[in-house]
Amino acid sequence: MRKPDKAKRLVLIAVGIIFACYCLLLFFILFCRRIPTELDFEGYPYLSRIRNNINLIPFNTISEQLNDIINDSGYFERLAILNLSANILMFIPMGWFLPLLRSKLQRFSSFLTAVFVMIISVELVQLFTLTGSFDVDDLILNLSGAVIGFLLFQGMNWLRKTHIKYHSP
C-alpha cells in the first residue's frame with residue numbers, strides 16, 4: 001500500500017484535530033450541562049431516579065415535543081424545537097468524520113453499528129451518572145443526524161470521484 005503524500009497527511013492531521021475538538025464539544029454538551037448535586041440524592045433513591053429517567057417507548061418524547069410545538073407558542077415550544085433540532089444537528093458531523101477518518105466505516109452497516117453502539121453508550125452513561133436520561137427518542141434523533149452526515153459524506157465523495165473521473169487528463 002502506498003504511503004499518502006505529505007499534503008494528504010497534513011489534511012488528515014488537520015481533520016483529526018478538528019474531530020477531536022468536535023468530540024470535546026460533544027462531551028461537554030452531553031455530560032457537563034448538568035452536574036448532579038447532593039439534592040439529586042436527598043429523599044430520592046438512586047435506583048428510583050434511574051427508573052424515572054428511562055423512556056423505551058419509541059416516538060413518545062418526539063410526539064410530546066411535536067405537540068408542544070403545535071399547541072404552545074412560548075417556552076415549551078422553543079424548548080421542544082431546540083431539543084429536537086439539537087439532537088439531530090449535533091450528530092451530523094459524526095456522520096461526516098467517522099467514514100472520513102476510518103475507511104472501514106464507509107460501509108453503511110459498519111457505520112450504523114458503530115454509531116448505534118456509541119449513542120447507546122452515551123445514553124447509558126448519562127443515565128447512570130444522573131447527567132441525563134436514557135431516551136430511545138434521543139437514539140432515533142442522534143442516529144438520524146449521523147445518517148444525514150454519512151449521506152452528505154457519501155454524496156461529496158461520489159461528486160469528488162465523478163469530478164476526477166470526468167475532468168482528469
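Buried means under 20% relative accessible area, exposed means over 50%, and partly exposed lies in between, with a 1.4 Å probe and protein chains only. At 16% relative accessibility, Thr 61 therefore counts as buried. The structure is a predicted model, in which local features need pLDDT of at least 70, side-chain atom pairs count only at pLDDT 80 or more, and totals for chains, interfaces and linings use all residues. Residues are numbered from 1 along each chain as its sequence is written, and side-chain values use heavy atoms, with hydrogens and water left out.

The protein chain holds seven helices and two strands. Helices (H or I, at least four residues) and strands (E, at least two) are DSSP runs, numbered from the N terminus. From the N terminus on, the order of elements is α-α-β-α-α-α-α-β-α. The protein chain has 169 residues, of which 30% count as buried. Contact means heavy atoms within 4.5 Å. Among contacts between residues at least 6 apart in sequence, 71% join residues at least 24 apart.

In soluble globular proteins, nonpolar side chains tend to be buried together. A nonpolar core is here a set of buried Ala, Val, Leu, Ile, Met, Phe, Trp, Tyr and Cys residues joined through side-chain atoms within 4.5 Å. The largest such core has 21 residues. Leu 26, Leu 30, Phe 91, Met 94, Leu 98 and Val 115 have the most contacts inside it. Two or more residues come from each of helix H1 (6–31), helix H5 (92–101), helix H6 (108–128) and helix H7 (136–167). H1 gives the most to this core, with six residues. Leaving aside neighbours within four places in sequence, Leu 26 is in contact with Met 90, Phe 91 and Met 94.

Two packed helices are described by the angle between their axes and the distance between the axes. Axes are lines fitted to C-alpha atoms, for helices over the stretch in contact, and angles run from 0 to 180 degrees between N-to-C directions. H1 and H5 pack at an angle of about 145°, and their axes are 11 Å apart. Their crossing is left-handed; that is, the near helix is turned anticlockwise from the far one by less than a right angle, whereas clockwise would be right-handed. On the H1 side, the contact uses Leu 12, Val 15, Gly 16, Ile 18, Phe 19, Tyr 22 and Leu 26. These meet Pro 93, Met 94, Phe 97, Leu 98, Leu 100 and Leu 101 of H5. The residues of this contact divide into twelve nonpolar, one polar and no charged. Here Ala, Val, Leu, Ile, Met, Phe, Trp, Tyr, Cys and Pro count as nonpolar, Asp, Glu, Lys and Arg as charged, and the others, Gly among them, as polar.

Helix H3 (residues 60–71) packs against helix H4 (residues 75–89) at about 135°, with the axes 8 Å apart. H3 and H4 are therefore oblique to each other. Angles under 35 degrees count as roughly parallel, over 145 as roughly antiparallel, 65 to 115 as roughly perpendicular and the rest as oblique. The crossing of H3 past H4 is left-handed. H3 contributes Ile 62, Gln 65, Leu 66, Asp 68 and Ile 69, while H4 contributes Phe 76, Glu 77, Ala 80, Ile 81, Asn 83 and Leu 84. Seven of the contact residues are nonpolar, two polar and two charged. Asp 72 sits in the loop between H3 and H4. With a relative accessible area of 25%, Asp 72 is partly exposed. Beyond residues up to four places away in sequence, Asp 72 touches Asn 67 and Glu 77.

Thr 61 is found in H3. Not counting residues up to four places away in sequence, Thr 61 touches Asn 55, Asp 135 and Asp 137.

Most residues other than glycine have a negative phi, and most peptide bonds are trans. Phe 59 has a positive phi of about 70° although it is not a glycine. Phe 59 is in the loop between strand S1 (54–55) and H3, and is partly exposed at 48% relative accessible area. Leu 130, also not a glycine, has a positive phi of about 60°. Leu 130 belongs to the loop between H6 and strand S2 (134–135). Its relative accessible area is 3%, so Leu 130 is buried.
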